[in-house]
Amino acid sequence: MAESVTALASIIQIAVAPVFLLAGIAGFLNVMSGRLGRIVDRARVLERRANSFSDESKLALASRELRTLWRRVRIINWSIGMCTASALMVCIVVVSLFIGDFLAIHIETFVVVAFVLGLLLLIVALVLFLKEVQLATRVLVAGLEYSD
């Protein structure tokens, strides 16, 4: 009995680091979903306003901004998808640690591959997030707002 408790405690200690990584990924997903909501809200407002524009220059500006907003939506959606896939891989790592110990099978290679894949997915998510933020700041024009 004492042996199994010690083994379980050891597995729990090993699983703590991936669980902290999951907490970080969850925070990152929260930030990205907030950005996605703001982008979609801005696009909806701009679409409503653009329907009332009669000036061609304002309509062209609104159309260009809408294209950029929808491009940002696609990028942030991909980032959210990669981040979610990363979290799933980390969950698989944690579950694998417990199953491997419980069934006494050697899954070290699988755990390493799954963890590295999870980190690579997180890297892709971060790069996509950076691209979306750069796109948002690149098209930002200070003081520009569309009047009705």
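In this predicted model, a salt bridge joins the side chains of glutamate 65 and arginine 42, with 3.0 Å from N to O. Because glutamate 65 belongs to helix H2 (residues 56-102) and arginine 42 to helix H1, this pair ties together parts that lie 23 residues apart in sequence. Both partners are partly exposed: glutamate 65 has a relative accessible area of 22%, and arginine 42 has a relative accessibility of 23%.

Why might such partners meet at all? Side chains that carry opposite charge can pair when their charged atoms come close. In total, three salt bridges are counted here.

The other pairs bring in glutamate 132. Arginine 35 forms a salt bridge with glutamate 132, and their closest N and O atoms are 2.7 Å apart. This pair links distant parts of the chain, since arginine 35 sits in helix H1 and glutamate 132 in helix H3 (residues 108-138), 97 residues apart. Arginine 72 also meets glutamate 132 in a salt bridge, at 2.6 Å from N to O; here helix H2 holds arginine 72 and helix H3 holds glutamate 132, 60 residues apart. Together, Arg35, Arg72 and Glu132 make up a network of salt bridges.

Beyond its sequence neighbours up to four places away, isoleucine 25 touches Cys83, Ser86, Ala87, Val90 and Leu122. The C-alpha atoms of isoleucine 25 and serine 86 are separated by 8.1 Å, although the two residues are 61 residues apart along the chain.

How values were computed: Residues are numbered from 1 along each chain as its sequence is written. This is a predicted model: local features need pLDDT of at least 70, side-chain atom pairs count only at pLDDT 80 or more; totals for chains, interfaces and linings use all residues. Side-chain values use heavy atoms; hydrogens and water are left out. Contact means heavy atoms within 4.5 Å. A salt bridge is a side-chain nitrogen of Lys or Arg within 4 Å of a carboxyl oxygen of Asp or Glu. Helices (H or I, at least four residues) and strands (E, at least two) are DSSP runs, numbered from the N terminus. Buried means under 20% relative accessible area, exposed over 50%, partly exposed in between (1.4 Å probe, protein chains only).
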